[in-house]
Amino acid sequence: MSTAPTTPRTRSERLDALPFTKAHGRLLVGSGVGWALDAMDVGLVSFVLAQLAVQWQLGNTELSWIASAGFLGMAIGATLGGLLADRVGRRHVFAITLLVFGIATGASALAWGLGVLIVLRFIVGLGLGAELPVASTLMSEFAPPRIRGRIIVFLEAFWAIGWIAAALIGYLVVPTSDDGWRWALAIGALPAVYAAIVRTRLPESVRFLESRGRHREAEAVVREFEASAGVAHPEAAGKTTTDTPVSAGLSARERLRGLWVPTHRRDTGSLWIVWFCVNFSYYGAFIWIPTILVASGFSLVRSFGFTLIITLAQIPGYAVSAWLIEAWGRKQTLATFLAGSAVSAVLFGTATTEPMIIVFGMCLSFCNLGAWGALYATTPELYPTALRATGAGWAAGIGRIASIIAPLSVPVLLLGGNALLFSVFAAFFVVAAVAALFLSDMRGRSLD
């Protein structure tokens with residue numbers, strides 16, 4: 001009796017067939033801790049601004065430049081980081097970015113004047129902007145297709161952990177002395193230490209390795225994940241094929257053109273609109289909330305306490321998004337959370353009592369971060385391996401342009417009051433929700 005020959009499977013198919021294993025868990029936590037440290041750095045700025053407004057007697061325009069300098073760096077870092085990750089690999093870029101923004105954040109604690117602090121925040125942004133799209137790309141290329149969206153939302157949920165850590169530091173450390181903001185930024189230097197661990201422990205993307213002809217390394221990574229799942233690897237090398245074309249590497253110009261070929265044009269255009277609008281509203285609101293509360297008459301400690309409570313709502317927002325993204329699909333989940341963000345922004349902008357501020361602030365936090373989770377899950381899925389990090393990086397970079405504009409716009413919009421400011425944020429959320437409906441949905445499908 002003869003046995004039919006086994007059909008060769010690609011390494012991507014072997015990875016996609018695996019359950020979620022300890023190896024996936026290590027990658028998720030390893031990437032997520034870096035993500036949380038990024039969030040902690042961004043979150044700390046909102047508390048630092050509130051104290052510097054008092055200590056250095058800075059006006060809203062000067063405070064806006066401190067925030068926008070970091071976002072300018074993030075815009076450049078995201079676009080260059082994505083291009084570099086498609087060129088030299090995801091893991092190396094991930095580690096380098098952590099090192100850059102960790103050291104620059106620690107140096108920011110020693111800033112003696114406004115100009116120096118602005119320059120250092122720009123350097124921080126370079127590292128921070130490059131890290132986030134690269135980390136989500138790396139994780140998406142390992143996650144099993146049937147739960148890939150959920151895993152990326154869980155990765156994004158580490159942002160809430162980092163932001164809560166920032167809120168705790170802001171509440172417990174910043175108000176303690178005139179140098180409280182310096183100690184807060186010094187704590188933000190922790191990523192520099194973590195970068196060394198990331199470099200040695202995280203695997204490189206199998207799809208990237210195959211695209212560069214590094215099949216032996218790709219096979220070793222796949223076997224590591226199969227061993228973690230208790231799955232025997234093929235005994236003969238001939239039983240494994242590859243569906244990823246080997247390339248010497250596309251030029252930066254070719255990768256950018258690739259984002260706008262007919263098969264990707266609608267996704268790229270819609271994605272850039274969503275990223276731009278979400279960044280404008282999110283960073284315009286959450287960077288300024290502590291300062292707005294202080295300007296509304298609340299004490300520094302009390303406004304920081306309100307912000308901490310509001311931040312806690314991010315966690316259930318991510319949890320619900322993680323469930324819906326596989327139950328409903330990507331664009332439906334994203335559009336729903338964006339619509340909820342629009343409603344919450346209007347309600348928060350018209351809040352007049354402490355309970356209303358807290359409740360509507362928590363609703364805004366819940367919906368906005370649920371949308372972020374869905375957006376990060378959707379973005380890298382829309383492009384093939386050769387363009388994936390570039391596509392994610394440029395979408396994030398376009399979004400960071402909005403995050404530069406938003407802090408600078410807030411002082412002008414505040415002349416019309418909180419209601420006008422948050423109504424503008426709501427309008428941006430509505431535009432993003434409509435654009436999200438035009439995105440492709442890759443739920444349950446292989447990336448390649």
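## Close-up views of a predicted model

**View 1. Helices α12 and α17 cross.** The axes of helix α12 (residues 262-286) and helix α17 (residues 354-378) come within 11 Å of each other and cross at roughly 145°. Axes here are lines fitted to C-alpha atoms, for helices over the stretch in contact, with angles running from 0 to 180 degrees between N-to-C directions. Helices (H or I, at least four residues) are DSSP runs, numbered from the N terminus. The crossing of α12 with α17 is left-handed, a term for a near helix turned anticlockwise from the far one by less than a right angle. On the α12 side, look for L271, V274, W275, V278, N279, Y282, Y283 and F286; they meet L364, S365, N368, L369, W372, L375 and Y376 in α17. Contact means heavy atoms within 4.5 Å. The residues of this contact divide into 12 nonpolar, three polar and no charged. Ala, Val, Leu, Ile, Met, Phe, Trp, Tyr, Cys and Pro count as nonpolar, Asp, Glu, Lys and Arg as charged, and the others, Gly among them, as polar.

A quick note on reading these views: this is a predicted model, where local features need pLDDT of at least 70 and side-chain atom pairs count only at pLDDT 80 or more, while totals for chains, interfaces and linings use all residues. Residues are numbered from 1 along each chain as its sequence is written, and side-chain values use heavy atoms, with hydrogens and water left out.

**View 2. The second largest cavity.** Here's a space of about 50 Å³. A cavity is a set of points on a 1 Å grid over the protein atoms alone where a 1.4 Å probe fits but cannot get out, and lining residues have an atom within 4 Å of a point. Grid points are joined across faces, edges and corners, and a volume is the space filled by probe spheres set on the points. W35, L132, E156, W159, Y282, Y283, W372, Y376 and R400 line this second largest cavity. At least two lining residues come from each of α6 (148-172), α12 and α17. By class, the lining of the second largest cavity has seven nonpolar, no polar and two charged residues.

**View 3. The largest cavity.** A search of the whole structure turns up three cavities of 30 Å³ or more, and the largest cavity holds about 90 Å³ of space. Of the 13 residues lining the largest cavity, V45, A67, G70, F71 and R121 lie nearest its centre. α2, α3 and α5 (114-140) are the elements that give two or more residues to this lining. The largest share, five residues, comes from α3. The lining of the largest cavity splits into nine nonpolar, two polar and two charged residues.

**View 4. The second largest pocket.** This pocket has a volume of about 230 Å³. A pocket, by definition, is an open set with protein on both sides within 12 Å along at least five of seven lines. It is lined by 14 residues, and R26, L27, G30, R201 and L202 are the closest to its centre. Two or more lining residues come from each of α2 (22-55), α8 (190-201) and α10 (215-229). α2 gives the most to the lining of this pocket, with six residues. The lining residues of the second largest pocket are 10 nonpolar, one polar and three charged.

View 5. S303 is buried, with a relative accessible area of 0%, where buried means under 20% (1.4 Å probe, protein chains only). Leaving aside residues up to four places away in sequence, S303 touches P290, L293, V294 and F298. T311 counts as buried too, at 1% relative accessibility.

View 6. Residues up to four places away aside, A402 touches F276, N279 and F280.

**View 7. Q57 in a loop.** Q57 lies in the loop between α2 and α3 (60-88). Its phi is positive, about 55°, although Q57 is not a glycine. At 62% relative accessibility, Q57 counts as exposed, which takes over 50%.
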